[in-house]
Amino acid sequence: MENWLPIPDFEGIYEVSDLGRIRSVKSGKIKQATILKTDPRPFVLLWKHNKPKMIRVHTAVLSAFVGRKPTGMEGCHNDGNCQNNVLGNLRWDTPKANHADKIRHGTTNRGERCGTAKLTSAQVAAIRADSRLQRIIAEEYGVRQSAISRIKSGTRWTYD
């Protein structure tokens with residue numbers, strides 16, 4: 001059975017369920033969460049005193065059912081799916097633990113997944129095996145010599 005609790009700071013106006021749904025207390029209507037192309041974490045606009053406030057659904061669920069966000073903590077999704085905002089899938093945890101989750105789930109944007117990456121994992125492996133001068137390798141791949149140096153020393157692309 002779905003359980004509902006008031007959203008902190010919006011008591012008497014909005015409630016959130018342990019299944020990650022948000023509704024208006026007055027009308028009982030479920031608010032449709034918005035998902036942006038640039039950020040897949042669902043959010044809703046909640047209104048209080050004619051002022052809107054953007055609230056992430058996972059934050060509303062955790063705040064109502066677990067308690068307000070402790071200082072230095074983040075809302076974490078146990079299964080790596082940021083759109084699964086069921087209470088059993090959420091927890092408050094440190095940014096370090098959240099990043100470790102992202103690595104474990106393969107949802108971190110490092111390496112080739114980074115929008116600014118100029119090299120692929122295969123190219124990085126080839127660079128590491130290449131014994132030519134770094135400036136020559138850099139010219140071949142269209143990057144700076146310092147990038148090649150960091151790859152070879154292990155300060156960049158450390159996870160490959």
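Let's start with Asp101, which sits in helix H2, residues 95-105. Helices here are DSSP runs of H or I with at least four residues, strands are runs of E with at least two, and both are numbered from the N terminus. Is Asp101 buried or exposed? Asp101 counts as buried because its relative accessible area is 5%. For that word, buried means under 20% relative accessible area, exposed means over 50%, and partly exposed is in between, with a 1.4 Å probe and protein chains only.

Before I go on, a word on what you're looking at: this is a predicted model, where local features need pLDDT of at least 70, side-chain atom pairs count only at pLDDT 80 or more, and totals for chains, interfaces and linings use all residues. Residues are numbered from 1 along each chain as its sequence is written, and side-chain values use heavy atoms, with hydrogens and water left out.

Back to Asp101. Which residues does Asp101 contact, leaving aside neighbours within four places in sequence? They are Cys76, His77 and Arg91, where contact means heavy atoms within 4.5 Å. Asp79 is 22 residues from Asp101 along the chain, and their C-alpha atoms are separated by 8.4 Å.

Cys76 and His77 turn up again with Asn89. Asn89 is in the loop between strand S7 (74-77) and strand S8 (90-93). Asn89 counts as buried because its relative accessibility is 7%. Not counting residues up to four places away in sequence, Asn89 touches Cys76, His77, Asn78, Asp79, Asn81 and Asn84.

Thr71 has 83% relative accessibility, so Thr71 counts as exposed. Thr71 and Thr94 are 23 residues apart in sequence, with 9.4 Å between their C-alpha atoms.

Let me zoom out to the whole chain. How many helices and strands does the protein chain have? There are five helices and eight strands. Reading from the N terminus, the order of elements is β-β-β-β-β-β-α-β-β-α-α-α-α. The C-alpha trace spans about 70 × 25 × 25 Å along its principal axes. The protein chain has a radius of gyration of 22 Å, while a compact globule of 160 residues would be near 15 Å. That radius is taken over C-alpha atoms, and the globule rule is 2.2 Å times the number of residues to the power 0.38. Of the 160 residues, 31% are buried. Of the contacts between residues at least 6 apart in sequence, 38% join residues at least 24 apart.

Asp9 is not a glycine, yet has a positive phi of about 75°. Asp9 lies in the loop between strand S1 (4-6) and strand S2 (14-17), and counts as partly exposed because its relative accessibility is 36%. His49 is not a glycine either, and has a positive phi of about 55°. You'll find His49 in the loop between strand S5 (43-48) and strand S6 (51-56). His49 counts as exposed because its relative accessibility is 68%.

Finally, the helices towards the end of the chain. Helix H3 (residues 121-129) packs against H5 at an angle of about 80°, with the axes 9 Å apart. So H3 is roughly perpendicular to H5. Axes are lines fitted to C-alpha atoms, for helices over the stretch in contact, and angles run from 0 to 180 degrees between N-to-C directions. Under 35 degrees is roughly parallel, over 145 roughly antiparallel, 65 to 115 roughly perpendicular, and the rest oblique.

Who meets whom? Val124, Ile127 and Arg128 in H3 meet Ile148, Ile151 and Lys152 in H5. By class, that contact has four nonpolar, no polar and two charged residues. Ala, Val, Leu, Ile, Met, Phe, Trp, Tyr, Cys and Pro count as nonpolar, Asp, Glu, Lys and Arg as charged, and the others, Gly among them, as polar.

H5 (residues 145-153) also has H4 (residues 134-141) as a partner: their axes come within 8 Å and cross at roughly 110°. So H4, too, is roughly perpendicular to H5. On the H4 side, Gln134, Arg135, Ile137 and Ala138 meet Gln145, Ile148, Ser149 and Lys152 in H5. Those residues divide into three nonpolar, three polar and two charged.
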